[in-house]
Amino acid sequence: MIRDQETLNQLLDTVSRFVRERLIPNEARVAEEDAIPEDILQEMKELGLFGLSIPEEYGGLGLTMEEEALVAFEIGHTSPAFRSIFGTNNGIGAQGILIDGTEEQKQKYVPKLATGELISSFCLTEPDSGSDAASLKTRAVRDGDYYVLNGTKRFITNGPEAGLYTVMARTDPDSKGASGITAFIVEGDTPGLIRGKPDQKMGQKGAHTCDIIFEDCRVPAENIIGGKEGVGFKTAMKVLDRGRLHISAVCVGVAERLLQDALTYAMERKQFGKPIAEHQLIQAMLADSRAEVYAGRSMVLDAARRKDAGENVSTEASCCKMFCSEMVGRVADRAVQIHGGSGYIAEYDVERFYRDVRLFRIYEGTTQIQQIVIARNMIREAQG
Ligand code: COS
């Protein structure tokens, strides 16, 4: 529920201008240097982008889910790498503490996440545990007032730069599934936490992932999220419900950008004596994309409003993630097609975006996992 339309409009205008004037002109540079420039990082902090969804009492902007989605649409108008650096502090890196953490844990860590002083990461995936997240093997063994962590986490977004990690580890070796998993807060400078070298990725240059390796890493028992063993998997799932909605909104924003670029190109480029936008087969691609972007935007806003109203939106979040990530893939493909030969050339942005958006169908749960979540929830509801 939008709380104050005027303040929100001001924020959206500011973000939109920042995207247009500061981020879009730096897209190619970020892709080439594989890094977000320091001055832009500073400006993001000043704008409050690291704390969009963090409650005001912990120093964030305290946006509702609907407001956050509207901001994410704007942010989606530029390279996804820019969003990635502050995305974890609003999403998967902070939400575990915010949703299930104790008041002390929130007071200690969340204000530093809201300002961007600390970057956070979410450590669920492992070399042998991706979609089957409940099969994770990282162990946490109690030793007095500490737990000793051993294991490897993989593809950890912002892993190289993070100072705070939410880590899902198995505290009960006898339980092979979800109930033996506990969520820990691990500070980045804890001895035994080792960052692997950054992964070489297909796209999203400027956003970094790496392995996070735990070798006899001693974490205080008080750092168990919410102080309760065995509920870490549920915390992770709740975090992903929210994260999936946010990613869906970003997909819509990126699709809007690509469609705008494709339209601009189609109106300028002439073939057979007229702008290609006047050829019906090009129009079909533009129109299909426009309808799909509209559908994506509408469903994200509907799901966000339901979440703000207190509904369980696990199914809707998965519907949005599935549809919007697949949709932006189709829109990116058409944008390349409309650009013709130029669409394959790096000088035009579409080639880079085409690679960037491929990740949306994979991370925070593949399309196939979203299908499973949706269908399972349908069956459960039908069974009452
Ligand atoms: N909110 C709260 N609790 C949830 C939940 C949610 N959205 N989803 C599941 N749970 C609970 C279940 O209710 C169950 O609890 P009980 O045993 O008390 O009933 C427990 O968590 C285990 O759930 P489930 O049996 O459904 O677990 P599965 O092992 O079958 O796995 C999937 C469920 C496949 C949905 C899960 O492993 C998943 O989301 N995988 C993808 C992981 C992912 O997105 N990775 C991306 C990398 S992280 S950026």
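Let me start with strand 7, residues 209-220, where Asp-216 is located. Keep in mind throughout that this is a predicted model. Asp-216 is not a glycine, yet its phi is positive, about 45°. Is Asp-216 buried or exposed? With a relative accessibility of 52%, Asp-216 counts as exposed, because the cut-off for that class is over 50%.

Glu-364 sits in the loop that links helix 11 (350-356) to helix 12 (367-383). Its relative accessible area is 16%, so Glu-364 is classed as buried.

His-208 belongs to the loop between strand 6 (193-195) and strand 7. At 15% relative accessibility, His-208 is buried. What does the side chain of His-208 pair with? The side chain of Glu-161 makes a polar contact with that of His-208, at 2.9 Å. If we set aside neighbours within four places in sequence, the residues touching His-208 are Asp-34, Ile-156, Thr-157, Asn-158, Gly-159, Pro-160 and Glu-161.

Now helix 3, residues 38-47. Which residues of helix 3 are buried? They are Ile-40, Leu-41 and Met-44. These residues lie on the same side of helix 3, because the arc they cover around the axis is only 105°. Helix 1 (5-23) and helix 5 (80-90) are among the elements covering these buried residues. On the face turned away from the buried side, helix 3 carries Glu-38 and Glu-46, both exposed. Just after the helix comes Gly-48, with a positive phi of about 85°.

Helix 5 has a residue of its own to look at, Asn-89. The relative accessible area of Asn-89 is 0%, so this residue is buried. Where does the side chain of Asn-89 reach? It reaches the backbone oxygen of Leu-113, at 2.9 Å. Leu-113 is also one of the residues that Asn-89 touches, once those up to four places away in sequence are left out.

Then a helix pair. In general, two packed helices are described by the angle and the distance between their axes. For helix 4 (residues 65-75) and helix 8 (residues 232-268), the axes come within 7 Å and cross at roughly 35°. This crossing is right-handed. By class, the contact is made up of 8 nonpolar, 2 polar and 3 charged residues. Helix 4 contributes Met-65, Glu-68, Ala-69, Ala-72 and Phe-73. From helix 8 the contact takes in Arg-242, Leu-245, His-246, Ala-249, Val-250, Val-252, Gly-253 and Glu-256.

Last, a residue in helix 9 (residues 280-308), namely Arg-305. Its relative accessible area is 41%, so Arg-305 is partly exposed. How far apart are the C-alpha atoms of Arg-305 and Thr-125? They are separated by 30 Å, and the two residues are 180 residues apart along the chain.

That is the end of my list.

Definitions and conventions: Residues are numbered from 1 along each chain as its sequence is written. This is a predicted model: local features need pLDDT of at least 70, side-chain atom pairs count only at pLDDT 80 or more; totals for chains, interfaces and linings use all residues. Side-chain values use heavy atoms; hydrogens and water are left out. Buried means under 20% relative accessible area, exposed over 50%, partly exposed in between (1.4 Å probe, protein chains only). Helices (H or I, at least four residues) and strands (E, at least two) are DSSP runs, numbered from the N terminus. The arc is that of the directions from the helix axis to the C-beta atoms. Contact means heavy atoms within 4.5 Å. Axes are lines fitted to C-alpha atoms, for helices over the stretch in contact, and angles run from 0 to 180 degrees between N-to-C directions. A crossing is left-handed if the near helix is turned anticlockwise from the far one by less than a right angle, and right-handed if clockwise. Ala, Val, Leu, Ile, Met, Phe, Trp, Tyr, Cys and Pro count as nonpolar, Asp, Glu, Lys and Arg as charged, and the others, Gly among them, as polar. A polar contact is a pair of N or O atoms within 3.5 Å; within protein, one must be able to donate a hydrogen and the other to accept it, and residues adjacent in sequence count only if both atoms are side-chain atoms.
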